[in-house]
Amino acid sequence: MIKNFLKLFYLSSSLIILAIPTYIYAASPTATPSATPKVSATPTNLEDKIKNLVKENLSATESNLKESINLKSLVGYVGAIKTISAGNISIESDQNIFQVSTTDKTAITKSGTTGKISSLAITDKVIVIGNLVKEDIIQAKMIKVIPEETDIVETNAVIANIYSIDIKKKTLVLTINKVQMPFTLSKKNTVKLEELKPNQNIFAITKKYQGKDSLTRAKIL
Amino acid sequence: MFGINLANNSVSNPVISEDSTPSAKNTTPTPTVIIKKSLEIIFPQDHSVMTETSTTLRGIAEPNSTVAVITELNDLFVDVSPEGTFSAQIDLASGANTIKVVQAGIDNTTKDISISVIQTNTISE
């Protein structure tokens, strides 16, 4: 038994010893050297075209990236002009006062025409686009005077309870904050009155225009 | 960025529900943690400037609630995912845009948030 085992051991050992050099031989660098790529002495038109295309692509990508970085660093505020002084204005936006400084590159437009800072007036409603150099200082790239809106449509979303529905008249009365309010349906509404029932709670998107309330969207809660 | 904000929010605002009172039967109580996410608009940023005429509004809100998205050109309902995220394709009007999101919570209360975005085609160098 032991003899057999020893025989087997010697056999396997010799096989391993034989196998090692074979492996080494196989790994030895006997392969023929690969062909070196041929480089043409004179650049072809195709190469020039490719180079030009790459250059064009690079510059286009560069300008796109610059534009993207520029856009990300820009801020835009809407407000009313409070003060005007040499080269600077201040605006009130969302109850905050911002100092807006301008340069000769700042584009100022009023009533669709290019203007100067002198063309601006106190209480003008403006859009200021520029860089926020401090928390309340904007270096303006663009100042645009926009018209004051007169007929504002107020859109809101509220939770309401349906008090009554008149499918023929296409009206309904909603209870909002314990107050009953009549609603018509707005022009572009998606409300299906036949699917609604009194006492249902709905999430409603409403519009108020010239004192009249209308319903534009309704979702049963 | 969105993922980081989401993760930070989840960690910073965990609210343990009333269900977390230890049960008499259980020797080792396992509190149920309900993540209540505050209403937030992730994109676009407030006071940002965009050249695109439409964009994807993204935000976080109470999971499984509904939000109403109100813009100058659109008003729509959007369902909030169980993870508390929502998104909606919105159009931007030229000039100033106010984007308002109103959340109708499961407890029938509303919460809202507004941002301002400027859309312009030209920006001087």
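Reader: What does it take for two strands to pair here?
Author: Strands (E, at least two residues) are DSSP runs numbered from the N terminus. Two of them pair if DSSP finds at least two bridges between them.

Reader: Where does this model come from, and how are chains and residues labelled?
Author: It's a predicted model, where local features need pLDDT of at least 70 and side-chain atom pairs count only at pLDDT 80 or more, while totals for chains, interfaces and linings use all residues. Residues are numbered from 1 along each chain as its sequence is written, chains are lettered from A and ligands numbered from 1 in the order in which they are written.

Reader: In which sense do β9 and β10 of chain A pair, and over how many bridges?
Author: Strand β9 covers residues 171-176 of chain A and β10 covers residues 179-185. A:Ile176 has A:Val179 in β10(A) as its bridge partner. The pairing is antiparallel, over 6 bridges.

Reader: Which closed barrel do the strands of chain A make?
Author: The barrel has 5 strands, with mixed pairing. Its twist averages 55 degrees from one strand to the next (axes are lines fitted to C-alpha atoms, and angles run from 0 to 180 degrees between N-to-C directions). In order, the strands are β8-β9-β10-β12-β11.

Reader: Which residue in the turn between β1(A) and β2(A) has a positive phi?
Author: These two strands pair in the antiparallel sense over 5 bridges, with A:Ile84 opposite A:Ile89 in β2(A). They form a hairpin with 2 residues between them. The one with a positive phi, about 75 degrees, is A:Gly87.

Notes: Helices (H or I, at least four residues) and strands (E, at least two) are DSSP runs, numbered from the N terminus.
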